[in-house]
Amino acid sequence: MLKTPMWIAAALLSAVLTTPAMAHPDAAHVAAEGAWARASVAGQQATGAFVRLTAKEPLRLVGVRTPAAAVGEIHEMKMEGDVMRMRALDGLDLPAGQTVELKPGGLHLMFQQLKAPLQEGTQVPVTLVFQDAQGAESRLHLQVPVQRMAPKGGEATGHGGHAMPAGGHQH
């Protein structure tokens, strides 16, 4: 009979009980919490997605992909004088141990050229692409709940406030 080292068993039990969207230990070392995507309607070509990211090591979010849209970007909204401006970013730094919140009206993920409306109560697959200081890429695959409005208390519903990992992780 194989004996599982106690630290592995404890880590697995912790992962099962807390269900955070965590990258595989060999992948991005990023926790994703409170993820959600805004529901859209027929004819709407774009929508946003939001999440709190905490990296265990300094990383840079450099890409977002989803099969739901032709284009996925990292965006920033901010006031310039009395005008709200939105622009795409080429990346977003994630300092080690600090939570970076992507939320409505600020930093967020943008899905453009939607292939179909995102319907409330469904989930959308999202892949976040990260780069470490040496330029090595890693990915975090999530299933993000679709909602009409921001969840109460900043947490997504249905999964304890966490996006669910989807189908493994890649480098």
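1. Let's start with one pair of residues in this predicted model. E33 stands opposite R52, and R52 belongs to strand β3. Around that pair, strand β2, which covers residues 30–38, lies alongside β3 in the antiparallel sense, and six bridges hold the pairing.

2. Which other strands does β3 meet? Strand β9, residues 108–114, runs antiparallel to β3 and is joined to it by four bridges. To see one of the contact points, look at A46, whose bridge partner in β9 is Q112. Strand β8, residues 99–102, is also antiparallel to β3, again with four bridges.

3. Is strand β3 mostly buried or exposed? A residue counts as buried when its relative accessible area is under 20%. In β3, which spans residues 46–55, eight of the ten residues are buried, so the strand is largely enclosed by the rest of the structure.

4. How many cavities of 30 Å³ or more does the structure hold? There is one, and the space in the largest cavity comes to about 40 Å³. A probe the size of a water molecule, rolled over the atoms, is what shows where such empty space is left.

5. What surrounds that space? The largest cavity is lined by A35, A49, F50, V51, L109, V126, L128, L142 and V144. Sorted by class, the lining consists of nine nonpolar residues, with no polar and no charged ones. Strands β3, β10 (123–131) and β11 (137–147) each contribute at least two of the lining residues. Of the strands, β3 gives the most, with three residues. So β3, described above as largely enclosed because eight of its ten residues are buried, also turns up at the cavity.

6. Finally, please visit R65, a residue of strand β4, which runs over residues 59–65. How accessible is R65? Its relative accessible area is 46%, so R65 is partly exposed; the exposed class begins over 50%. Leaving aside residues up to four places away in sequence, R65 touches P125, V126, T127, V129 and R139. One of these, V126, is also in the lining of the largest cavity. L109, another lining residue, is 44 residues from R65 along the chain, and the C-alpha atoms of R65 and L109 are separated by 9.7 Å.

Terms used
Residues numbered from 1 in each chain as written. Predicted model: local features only at pLDDT ≥ 70, side-chain atom pairs only at ≥ 80, totals over all residues. Heavy atoms only, no water. Buried < 20%, exposed > 50% of the residue type's maximum accessible area, 1.4 Å probe, protein only. Pairing = 2+ DSSP bridges. Contact = heavy atoms within 4.5 Å. 1 Å grid on protein atoms, 1.4 Å probe; cavity = no way out; pocket = protein on both sides within 12 Å on 5 of 7 lines; lining within 4 Å. Points joined across faces, edges and corners; volume = space filled by probe spheres on them. Nonpolar A, V, L, I, M, F, W, Y, C, P; charged D, E, K, R; others polar.
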